[in-house]
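Reader: Could we go through this one together? I'd like to start with how the chains are arranged and then look at some details.
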There are 2 protein chains.
Amino acid sequence: MKRGIDQPPPLGGVGPPDDETAVDGPLHDRVYRQLRHALVTGRIVPGRAVTLRGLAQQLGVSPMPVREAIRRVSAEGGLVVGANRRVWVPAMDGERYDELIRARTLLEPEAAVRALPHIDRERLDRLRDIDDSIDVALERGDVEAYMAGNHRFHFEIYAANPSRVLVPLIESLWLQFGPFMRSVYGRLGTAALVDHHVVALDAIIARDAEALAAAIRADILEGMELIASTVLAAGPVGDEEVDRRRA
Amino acid sequence: MKRGIDQPPPLGGVGPPDDETAVDGPLHDRVYRQLRHALVTGRIVPGRAVTLRGLAQQLGVSPMPVREAIRRVSAEGGLVVGANRRVWVPAMDGERYDELIRARTLLEPEAAVRALPHIDRERLDRLRDIDDSIDVALERGDVEAYMAGNHRFHFEIYAANPSRVLVPLIESLWLQFGPFMRSVYGRLGTAALVDHHVVALDAIIARDAEALAAAIRADILEGMELIASTVLAAGPVGDEEVDRRRA
DNA sequence: TCGGCGAAATTGTGATCACATTGATCCGAA
DNA sequence: TTCGGATCAATGTGATCACAATTTCGCCGA
């Protein structure tokens, strides 16, 4: 006879370390990277609760590093702490979504333009490879691979310039819309997605800053605005479980 | 014969709770608010180390809530964790400063414009009161009161619109330049500061979104660019102690 | 069936401890 | 004098515990 709160299903995808997130350093750093990766790629969907002991058990660590990781991720907007002190992936509604789009269109073209002079041939080759892998993911209908590739493509550009302000801001935005985009793509399928990155690649090759900014802006708008507004017209996403759990 | 690392002087200003930061809720929340307030108002200067036990002792709490608060503040860019795991207030250099200015000029006019329709008479009165208090602080040469008032003025505007994306981003920016601006103002004195807020107030009264955006932008540029570039021309600020302490 | 109450389970929080790591100092050898 | 090694103190980290707060569930009565 089980008493107490329903156990949420395991947080699919926040799992054992893989090559990308398991490097030396404190355990809480590793947990943080795993958690943020799971959010960016949408492995955790809006409305989902995250508990210290649940995540700790899943990752095979004590609750301490999980606490610290959750504190970091929530400071960046990827998780919210309710009045009841419970932690969950925030729901997405029209206003918040609109702000995310706006923030992205303000910040990401700027970061791309600042990075442009620093994009060398090696980085350009890597961008091409990532773009190819995105195309493969789209053909396969692999939403998660698409999202991971999309993230990598953008940040491969921005990271060309060692930024300590703009890029962390942008990273925090990606944390915030990743879970929702995953649920959107899951509903609509990858067939609805179009890979606009070739325009950005052309602009980079041409060293055309204005064209690059416009390509990034268009990528954001076309990638986020037309698709997800359809879903949000039906009301916030992720509120069902949140409402149930909120004090 | 004292062994070990030099004890940094007490973190002036991160002190007992005052009315603004002492509300109900978890202790780590209170420590966080105290810490961020200290950074925004420049009570801690660039390069300054922050230790768990040091801050815990100063605040009369255990290191646990301090850990969580430091983790939050560092996630927002207000503190940096070095390769040696030590925590300190980051140094300011020309590139980082330029990015902060740019990020502010991208985000704050947007937040102000979005807030404009929501600014009622009460909030306008509060803005006037804050602006008056800023003028008083400038006359008195009270740098900290000036900084606190300036922060309050800006966020009293932006908070008119319930924002969950733009305003937290802007808050994280203020965390990042607060300590440096304090050292700048300390060197130049308040006589070098001009209160431009009346232009923003006029734009709000006139309900002129474009004028408001321009006023905020001008406030940022004139407040940050001309003054601090003079100081930064001499090299990064806050690196002396950082260099000494870095592994 | 619904609502209220009480008990049990779960959850986050703060305290504390031990330990690994880092930094500073001292001492001896070259 | 300089350099390297040993020692000690300080620091961050992860583990664990007890406790307060919140949630869940079962029972009972209307």
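Reader: What rotation and shift superpose chain A on chain B?

Author: In this predicted model, chain A is superposed on chain B by a rotation of 180° with 0.0 Å of shift along its axis, and the RMSD is 0.0 Å. That is the relation of a two-fold axis.

Reader: And which residue of chain A comes closest to the rotation axis?

Author: That is Arg72(A), whose C-alpha lies at 2.6 Å from the rotation axis.

Reader: Why do the copies meet through the same surface?

Author: Because 100% of the interface residues of chain A are also interface residues in chain B, the copies meet through the same surface.

Reader: Switching to helix α4 of chain B, what does it reach from its first C-alpha to its last?

Author: Helix α4 of chain B, which takes in residues 94-115 and so has 22 residues by the run that defines it, reaches 31 Å from its first C-alpha to its last, close to the 32 Å expected at 1.5 Å a residue. α4(B) is mostly covered, with 17 of its 22 residues buried.

Reader: What about the start of α4(B)?

Author: There, a side-chain oxygen of Asp93(B) reaches to within 3.1 Å of the backbone nitrogen of Glu95(B).

Reader: One more: is Leu59(A) buried or exposed?

Author: Leu59(A), which has its place in helix α2 (residues 52-59) of chain A, counts as buried because its relative accessibility is 10%, and the cut-off for buried is under 20%. The C-alpha atoms of Leu59(A) and Gln34(A) are separated by 9.6 Å, although these residues are 25 residues apart along the chain.

Methods. Residues numbered from 1 in each chain as written. Chains lettered and ligands numbered in written order. Predicted model: local features only at pLDDT ≥ 70, side-chain atom pairs only at ≥ 80, totals over all residues. Heavy atoms only, no water. Helix = DSSP H or I, 4+ residues; strand = E, 2+ residues; numbered from the N terminus. Expected span 1.5 Å × (residues − 1). Buried < 20%, exposed > 50% of the residue type's maximum accessible area, 1.4 Å probe, protein only. Polar contact = N/O pair within 3.5 Å; in protein donor to acceptor, adjacent residues only side chain to side chain. Least-squares fit on C-alpha atoms with pLDDT ≥ 70 in both. Contact = heavy atoms within 4.5 Å.
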